[in-house]
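Trainee: Hi! I have this one open on my screen, so please walk me through it.

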Amino acid sequence: PAVAVGDEGRVAALLAADERYVVVAHDEQRDALRAKFPEPTTILGVRDAKGLEFSHVIAYGLVGGAPSAKAGPRSAWAALFGGAAAMRRFGPLPLQLEAELMLLYTGITRCRTQLLFCEAKTPAGGAFARWLLDRDLAEKFTPPRDNERVFLTRDEWRARAADLADRGLESAPALLLDAAKA
């Protein structure tokens, strides 16, 4: 996987150039992200994506955008990825973190081939990115120079159709569902 912190512009450029990517975010962020990123990007809430898999996934703000991460440097997320000293200063982790960790797990396991973590410059998002990079679990995001031809999985076609139907575009989903059957 790769990780990007505060690189929304480069992520938007990637989404415009490569339709394989599906954005998976917290359900509450879905509509705001639809306004931010270019068409025809498929943007799903974690609960919407459950049970589906995609070749290329952007896990958008699943740590920094979590409700318990809003507490800033004192958040459970920042403590969790800040190391043992941060954990001792924080104290016991709240039960809400367990539910948010399950959502993170659900979001990242939607991916089959290429996973990109995109986090805002928040204490929790930054701590998570450093944790991934320091342990060589991810590399720093660098956009591809040229894109190969894009092939979507059947689930990706179906998700794209559901997303367009959700946006009120009645004719497009039927065409996409026909393509998914082929």
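Predicted model: local features only at pLDDT ≥ 70, side-chain atom pairs only at ≥ 80, totals over all residues.

Trainee: Which residue is the bridge partner of Val57 in β5?
Mentor: In strand β5, Val57 is bridged to Leu115. Strands here are DSSP runs of E with at least two residues, helices are runs of H or I with at least four, and both are numbered from the N terminus. Two strands count as paired if DSSP finds at least two bridges between them.

Trainee: Got it. How many bridges join β4 to β5?
Mentor: There are 6 bridges between β4 (residues 54-60) and β5 (residues 111-119), and the two strands run parallel. His56, for instance, stands opposite Gln114 in β5.

Trainee: What about β1 and β5, how many bridges there?
Mentor: β1 is joined to β5 by 4 bridges, and that pair is parallel too. Ala2 stands opposite Leu116 in β5.

Trainee: In what order do the strands sit in the sheet?
Mentor: The order is β3-β2-β4-β5-β1-β6, which makes an open sheet of 6 strands with parallel pairing. β3 (42-45) and β6 (139-140) are the edge strands, each pairing on one side only. As a general point, side chains in a regular strand alternate between the two faces of the sheet.

Trainee: Nice. Which strands does helix α1 touch?
Mentor: Helix α1 (residues 8-17) packs on the sheet and touches β1 (2-5), β2, β4 and β5. A contact means heavy atoms within 4.5 Å. The direction of α1 makes about 155° with that of β4. For such angles, axes are lines fitted to C-alpha atoms, for helices over the stretch in contact, and the angle between N-to-C directions runs from 0 to 180 degrees.

Trainee: Switching to α6: how far apart are its end C-alpha atoms?
Mentor: They are 21 Å apart, which agrees with the 20 Å that the 14 residues of α6 (residues 95-108) should span at 1.5 Å a residue. The expected span is 1.5 Å times one less than the number of residues.

Trainee: And which residues of α6 are buried?
Mentor: Leu97, Glu100, Leu103, Leu104, Thr106 and Gly107 are the buried ones in α6. Buried means under 20% relative accessible area, exposed means over 50%, and partly exposed is in between (1.4 Å probe, protein chains only).

Trainee: How many disulfides does the structure hold?
Mentor: It holds 0 disulfides, a disulfide being a pair of cysteine sulfur atoms within 2.5 Å.

Trainee: Now charges. How many salt bridges are there?
Mentor: The count comes to 5 salt bridges. The rule asks for a side-chain nitrogen of Lys or Arg within 4 Å of a carboxyl oxygen of Asp or Glu. In general, side chains of opposite charge can pair when their charged atoms come close.

Trainee: What does Arg30 pair with?
Mentor: Arg30 meets Asp48 in a salt bridge, at 2.3 Å from N to O. Arg30 lies in helix α2 and Asp48 in helix α3 (residues 46-49), so the pair ties together parts that are 18 residues apart in sequence.

Trainee: Is Arg30 buried or exposed?
Mentor: Arg30 is buried, at 19% relative accessible area, whereas Asp48 is partly exposed at 38%. Leaving aside neighbours within four places in sequence, Arg30 is in contact with Ile43, Leu44, Gly45 and Asp48.

Trainee: Which residues are linked with Arg30 in a network of salt bridges?
Mentor: Asp31, Arg34 and Asp48 are linked with Arg30 in that network. Within it, Arg34 and Asp31 meet at 3.7 Å, N to O. Both lie in α2, 3 residues apart, about one turn of the helix. Arg34 is buried at 14%, while Asp31 is exposed at 53%.

How values were computed. Residues numbered from 1 in each chain as written. Heavy atoms only, no water.
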